[in-house]
Amino acid sequence: MTRIAAVRGVLPPYRHTQRDLADMAARHCLPAGAGRGALDRLHDGAGVRSRHTALPLDRYGQLDGFGAANDAFVAGAVELGADAVGGALRDAGLSPRDVDLLIFTSVTGIAAPSVDALLVGRLGLRPDVRRLPVFGLGCVAGAAGLSRLHDYLLGRPDDVAVLLSVELCSLTLQREVASPAQLVATALFGDGAAAVVACGARRQPATTPGRGVGGGGGPIVVAGRSRLYPDTERMLGWDVTDSGFRVVLDPAVPELVRKNLAADVDGFLAEHGLARGDVTAWVSHAGGPKVLDAVAEALDLPDGALDTSRRSLAEVGNLSSASVLHVLRDTLATAPPPPGTPGVLLAMGPGFCTELVLLRW
């Protein structure tokens, strides 16, 4: 049994309207003299009202290549990561020295030493803390990281484990690239981070409990399931170029979700004696309006079942791997499901793949 003790989401300080970000995309991505009708339609239809960025908007034009953008990623990831992990540990009533495992995930920058290593001394983690940096899972990594954290705690039930996601999607902006995938990305993705603190089955509650989640009774992770679909490698991900990460985004992604998600979810639930109708909350990655519509249609969800995901998309955009963790935090903070009932957390990412996590509230 893995219990989630705290979920903390954090955002960079620079908040912008969708119109501000459409204007930036027009300046940096469109050829001189090109019309911006298609760009504006994409931004207007993205279901996003505002997003946060790691840098002020006027700084993006000064980034003169992949190296400069990546340097900004490392600096920003350390700041946001420290805020997210430190805050989550305080919420859980735990100290940095209680942490036995730190998983770090991102797909928007690289570092060696990895960002988790840079946080050990800053946060006061033990020098023998186990670390696991993960790159390449993309938007699915929030759900996959939670599942791998659970796998670890099954074998070490006295331990405390932390999952940290930091995604600074704005720093992957490709200047003078106006492909459909790039323009969609400029309309959807935002910057943010999230941290989850979880305790193994034998870990005793903190002596002085913090705010935690659910009044100290956070949800339990029951199980996880991974699904990788064959021959879908070019549906979602990056092309790594001299100028950095160039987005790969196939418009057929929602249809793939419609065709496959129901069978995957039904099989997963059946293994635990459950059906879709038993689930009291669906915690879905806020991938975009078309993806959320596809999830709702595939699973035949009731109206409003994905409202928390849609609100997160509107308020902060798609935060890649941090997105589903922000939705989890919001679910627990604003509309906690009835105790003891099942929930499903799900996300999708490059591969193409899905990750399902069964929760008990």
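**Aromatic pairs and the central sheet**

In the predicted model, Phe 245 is classed as buried because its relative accessibility is 6%, under the 20% limit. Phe 66 reaches 23% relative accessibility and therefore counts as partly exposed. Both residues belong to one aromatic cluster, which is formed by Phe 66, Phe 135, Trp 238 and Phe 245.

The structure holds 4 aromatic pairs. In one of them, the ring centres of Phe 66 and Phe 245 lie 5.2 Å apart with the planes at 70°, so the arrangement is edge-to-face. Because Phe 66 is located in helix α3 and Phe 245 in strand β10 (residues 244-249), this pair ties together parts 179 residues apart in sequence. A further pair, Tyr 229 and Phe 352, is stacked, with 6.3 Å from centre to centre and 20° between the planes. Here Tyr 229 is in the loop between β8 (220-228) and β9 (236-241), whereas Phe 352 is in the loop between β12 and β13, 123 residues apart. Tyr 229 is buried at 5% relative accessibility, and Phe 352 is buried at 2%.

The model also contains an open sheet of 9 strands with mixed pairing, in the order β5-β4-β6-β7-β1-β8-β13-β12-β11. Its edge strands, β5 (130-134) and β11 (281-284), each pair on one side only, and the twist averages 20° from one strand to the next. Within the sheet, β4 (residues 101-105) and β6 (residues 160-168) pair in the parallel sense over 5 bridges; Phe 104 stands opposite Leu 164 in β6.

Helix α3 (residues 66-92) lies across β1 (2-10), β6 and β7 (191-199), at about 145° to β6. Helix α10 (residues 323-334) runs at about 105° to β1 and lies across several strands, including β12 (342-349) and β13 (353-360).

Notes. Residues numbered from 1 in each chain as written. Predicted model: local features only at pLDDT ≥ 70, side-chain atom pairs only at ≥ 80, totals over all residues. Heavy atoms only, no water. Pairing = 2+ DSSP bridges. Helix = DSSP H or I, 4+ residues; strand = E, 2+ residues; numbered from the N terminus. Axes fitted to C-alpha atoms, helices over the stretch in contact; angles between N-to-C directions. Contact = heavy atoms within 4.5 Å. Phe/Tyr/Trp six-rings, centres within 6.5 Å; stacked < 30°, edge-to-face > 60°. Buried < 20%, exposed > 50% of the residue type's maximum accessible area, 1.4 Å probe, protein only.
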